[in-house]
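Visitor: Before we look, could you tell me for each label not just what it says but what value and what cut-off stand behind it?

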Amino acid sequence: MQLETLLQQAEHAIKSTTSIQDLEQCRVEYLGKKGSLTEIIKTIGQLPPDERKLAGQNINLAKENIEQWIKEKSILLKNNQLKQQLEKETIDITLPGRDTGCGSIHPVTQSIEDLQRIFEQMGFISLEGPEIEDDEHNFTRLNTPPFHPARAMQDTFYFPNGLLLRTQTSAVQIRAMKYMQPPLRMISIGRVYRRDFDLTHTPMFHQIEVLVIDEDATLATLKHLLTQVLQAFFAREVTIQFRPSYFPFTEPSLEVDIGCIACNGRGTVCRVCKQTGFVEVLGCGMVHPHVLKMADVDTKRYRGFAVGAGIDRLTMLKYGILDLRSLFENDVRFLKQF
Amino acid sequence: MHYSESWLREWVNPDLTLKEFSKLLTKIGLEVEGYENHILDIAIPPNRGDCLSMQGIAREIAAVLHIPLKKHIIPSHPAAIEDVLPIHVRSHKQAPCYIGRIIRNINRHAVTPAWLQERLEACGLNCIHPIVDIVNYVMLELGQPMHAFDLNSIHREIQVRLSKSGEVIILLDGSQKTLDNQTTVIADATKLLAIAGVMGGADSGVTSQTTDIVLESAYFPPADIARARQQYRLQSESATRFERGVDPTIQQVAIERVTTLIVEIAQGEPGPLINRTHKTAITRKKQVTLTQKHLEKVTGICFKNKDVDSIFKSLHFEYQSMRHGWRVTIPPYRFDLSLPEDLIEEIIRFYGLDQLPVQVLKGVLTVIPNTASIGTMSRATGDWHILRQLLSDQGYSEIISYSFVEKTLQLALNPNQTSFELSNPMTAEMSVMRTNLWPGLIQSLLYNLNRQQNHICLFEIGTVFFNEDRSSLAEHPRLAGLIAGSCFEEQWGLQTRDVDFYDIKGHVEALLRHYNVLDQCSFIAETHAALHPGQAAGIYYLNQLIGKVGALHPALLLDLKVTDPVFVFELDLKLLQAIPIKLSAISSFPTIRRDLAILIRETVPTKEIQDTIQLAAGDLLKSVFVFDVYQGTGVPVGQKSIAFALILQHGARTLVDAEVASTMERTVALLEKTFGATLRNG
């Protein structure tokens, strides 16, 4: 067969293949051991010596051509094949992924962990005391002896043996002063109980108690600390306002309001601050000298300040939760948002 | 307490709106909770008995505005009749001041005038009887509680004395009280007339028939009244004031004021005052010394003398300036002031808290040794965060439930533990302290089932309360979980199924793995009243019970009206936390896996088979796990096919085939000998 014709045939055959297998067959047909081109090569020896070189060159050229065509076709076919595969494998990525379930950590716990982290960053130790307390720690040593009118401020749960459910985490500061020497910086977070159940009260809630006994514990340093902590907790600038108040275990006693988180203190129709622009967040004060003396703190050298805050309330403010009770209903649809 | 605006303005009348009044009062610590309809609702702190009157609040307003209080001249009333009654005060300690007066021929048909009614009602008091109303009116005005007895009910005399044990009195509120021997009472020659300062007796009060009365205006010490009020569980306007402290110098003024009003409104002829005041028994005027230095140490700033002077002046405090401070004479009505700190509070209250500086607390950098407990306190651990995260990642939502629960539910869930019962629970559903965390989880389960949730996965970390031994109370932190319903939310891509025991067991194992103690822990079949007898296990670390896991008992579910199985676990975190982490060396030599499928009686627990394999294979066995359990075609009835993978490894060299083979042979032989197990072919 003439080389020319062969090349034409080969080019046509290669270009019209539609699969890798066909292409491979073409390769065998033209370049294989028994292929057409191989057959022609075998005829070179029969040519006169002076033509052999040219014929050889032509054959080589033809071979290179065929190889090139095969290579190109191969790439084309592979690309097509890949394209087909990709098309075949295309899925609906809008179908939802497999949901093996994801739970949640309670918002009050998250606040507790936030506060713990904030205070530990400032060198406070976090302590826990018992929830079933005695009268001594919950009241008497907090300057609220029997029959003190302030006892009526908190309706207390009692047990038949005279023990009670602590009404305030302040009980832990008494223990802290007993077992640790000043200077002292501690917090205590936990459950407290009061016999009260309505829109804004649950019989159990969470408090944080902060106690600093140090030489420079003053109202001025207390103000600074609270500002820092509240801004860190709410992760924003917070306007803070102090009011005089009364707690038996602090003197002077203060109450702290912050500019309403929900309406940015604007006080326009707001269910959180009821149009006042401010919301009460905590109570604090200088530890009452009676409390320090009962705890054997050297009052000549040291003074103390203490802070008590409702964590549930802080949590409500932070997330704009309006009903306190929703924190303890444990509706998973509510919980899973945190 | 409610305060009438017009009444206050009789005492102090600055050019301010009610809203401005209320802002002013709140700023000085008398929090106004409402100011509508010309009524101020003020939350008076328990130490400020002096503010429980119009005069008291007016005094504060005058002080903060630096304006004078309007003078109210109360004339003493001349006696129209001579009648007196013997009054015997047995102990002046109980009643340092006691003043009485008879008024006769009161007009029975007199009515309380509208203006007086309005004011009483504005302040939240009901109108009862003109005499009572007048007495209440003066109490609201001046702060002095008083009492009017019907003269005809009094036999011969009035005694002020301590009660005798067992004496009985029926009070104005209808209640009958049997007294102890420490209560100050008002009595006549034969019977009790009143619990002093708390409440009058039912038989000696004024009625619509009363024409002759005895007025009582006295000072009783706060502690006695507080004790009596709490002892007998009574509540009265009078007791509220006496226990917070009533000005011991206003009794005479007050009784004169009442007399004037009675004569005006109900006529009547007053007798002379019968004054049994014991001058020396009245507390001497208190003096408190405050130094500049003290003031600075508490507030953080150095006050100007003139600022402090001006505050003392506006509060009508008598004071002497000294070289380094002030000596202040406390007015008799200020029961809340007895320490320098109390004066500091007065100063900053009027100086303005927002004026105080802000300073950075300085301190020494220290690390508190990481001990688990300090005295009776324990150190809060961050460890639980990881547990929470772990469970949350597995689909659990954290709940917070009340620490007090319903008694019967608690008993059903933990019958072996007596729970602490509250004396005064909120409701029966919150009457005992929980001894485990399951009641709260179950309540939450029911709550969510009622809200069409069918994939429930909850946990709680909290304290449980129980008797450790006979006498001592223990509070332990526990972690508990509950799962019910489908394993996953219904979806296209995952074949969901109902949860079973092995789901929750897997979660517990993951927690134990976190502490790296799973290998040392075992799950031992145990019965528990609340759990399904065939699906319950105690979780043991070595020989110590650290928790429980199982399916809730079907009978319990029936009671709770829950149709699907529910699985629960509980771990004692205090015990779990105490377990030290144990590490073992990692061998760098290759491991060899050999699989072993056996046919064995279906009742043989996997744990026993594994223990036997461990025993036979010895130290070379690094780990063993079950990779298949099968019953059905090809397995004889009563038997199961169970397949184990044995991972063998030598700590110091590469294993040789022969020892692997002999290990396997030994294992098969021991399983056969122990359980009659046979190798499964194919």
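Visitor: What makes you divide chain A into domains, and where are the bounds?

Guide: The bounds come from an automatic or database domain assignment, which for chain A gives domain 1 (3–89) and domain 2 (107–335). The C-alpha centres of domain 1 of chain A and domain 2 of chain A lie 89 Å apart. This is a predicted model, in which local features need pLDDT of at least 70 and side-chain atom pairs count only at pLDDT 80 or more, while totals for chains, interfaces and linings use all residues. Residues are numbered from 1 along each chain as its sequence is written, with chains lettered from A and ligands numbered from 1 in the order in which they are written.

Visitor: How many residues of chain A are in contact with chain B, and what makes them count?

Guide: A contact requires that the C-beta atoms of two residues, placed from the backbone, lie within 7 Å, and by that test 77 residues of chain A are in contact with 82 residues of chain B. On the side of chain A, helix H8 (residues 219–234) supplies the largest share, seven residues; helices here are DSSP runs of H or I with at least four residues, strands are runs of E with at least two, and both are numbered from the N terminus.

Visitor: Which strands pair between chain A and chain B, and what makes them a pair?

Guide: Strands pair if DSSP finds at least two bridges between them, and strand S1 (residues 125–128) of chain A and strand S20 (residues 377–379) of chain B are joined in the antiparallel sense over two bridges. Within S20(B), B:Ser378 is the bridge partner of A:Glu128.

Visitor: Why are strand S4 and strand S12 of chain B said to stand at the edges?

Guide: The open sheet of five strands runs in the order S4-S7-S10-S11-S12 (chain B), with mixed pairing. Strand S4 (87–89) and strand S12 (199–200) of chain B each have a single partner strand, so one side of each is left without a neighbour in the sheet. For S4(B), pairing with strand S7 (residues 158–162) of chain B is parallel, over three bridges, and B:His88 has B:Gln159 as its bridge partner in S7(B).

Visitor: Which residues touch the most other members of the largest nonpolar core, and what makes it a core?

Guide: A nonpolar core is a set of buried Ala, Val, Leu, Ile, Met, Phe, Trp, Tyr and Cys residues joined through C-beta atoms within 7 Å. The largest has 226 residues, of which B:Val258 and B:Leu441 touch the most other members. Helix H5 (residues 130–142) of chain B contributes the largest share of this core, nine residues.

Visitor: How do you know whether A:Asn330 and B:Arg233 are buried or exposed?

Guide: A residue is buried if 20 or more other C-beta atoms, placed from the backbone, lie within 10 Å of its own, exposed if 12 or fewer, and partly exposed in between. A:Asn330 counts as buried because there are 23 C-beta neighbours inside 10 Å, and B:Arg233 counts as exposed because there are 8.

Visitor: What is the phi of each of these residues, and where do they lie?

Guide: A:Asn330 has a positive phi of about 60 degrees although it is not a glycine, and is found in the loop between helix H11 (326–329) and helix H12 (332–335) of chain A. For B:Arg233, phi is near 50 degrees, again positive in a residue other than glycine, and the place is the loop between helix H6 (222–231) and helix H7 (237–244) of chain B.
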